[in-house]
Amino acid sequence: QVQLVESGGALVQTGASLRLSCVFSGLTFIDYVMVWFRQAPVKEREFVAAINWRSDMMNYANFVKGRFRNSRDNAKATMYLEMNRLEPEDSAVYYCTASLRMDVLIGGGGFWGQGTEVSVSS
């Protein structure tokens, strides 16, 4: 059974930092691309960041603007998203996802965690 469990979300003030974690288990291979998505109420799901299995290719959404750092430790079966200088617009439920194909994740497929909520006050 594949499981992805996110943690680290919290209620913080503008400018604060958070580190989200995603512990994964049950994946057949370690060469899965892993992607963070987020979704706020009454808004569409947004791509946040992606990282490949070797951690030598990373992509970020334009709104990140250098504030976030995505990383993964395959030995510990954990992916991290360090977020700095948080803004109210960053408030959302953040989801950890994994798949062998990026297009599968973009289409809503693949493996998804339950999400962790980030709330940033003004």
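## Disulfide

A disulfide is a pair of cysteine sulfur atoms within 2.5 Å. By this rule the structure has 1 disulfide. The model is a predicted one, in which local features need pLDDT of at least 70 and side-chain atom pairs count only at pLDDT 80 or more, while totals for chains, interfaces and linings use all residues. Residues are numbered from 1 along each chain as its sequence is written, and side-chain values use heavy atoms, with hydrogens and water left out.

The bond joins C22 and C96, whose sulfur atoms lie 2.0 Å apart. It links distant parts of the chain, 74 residues apart: C22 belongs to strand β3 (residues 18-25) and C96 to strand β9 (residues 92-99). Strands (E, at least two residues) are DSSP runs, numbered from the N terminus. The torsion about the S-S bond is about -70°, so the disulfide of C22 and C96 is left-handed.

## Burial of the cysteines

Buried means under 20% relative accessible area, exposed over 50%, and partly exposed in between (1.4 Å probe, protein chains only). C22 counts as buried because its relative accessibility is 0%. C96, with a relative accessible area of 0%, is buried.

## Nonpolar cores

A nonpolar core is a set of buried Ala, Val, Leu, Ile, Met, Phe, Trp, Tyr and Cys residues joined through side-chain atoms within 4.5 Å. The largest has 28 residues, of which M34, W36, L81, M83 and Y94 touch the most other members. Elements giving two or more residues to this core include β4 (33-39), β8 (78-83) and β11 (116-121). Apart from it lies another core, of 5 residues, among them V35, F37, A50 and L105.

Key:
Helices (H or I, at least four residues) and strands (E, at least two) are DSSP runs, numbered from the N terminus.
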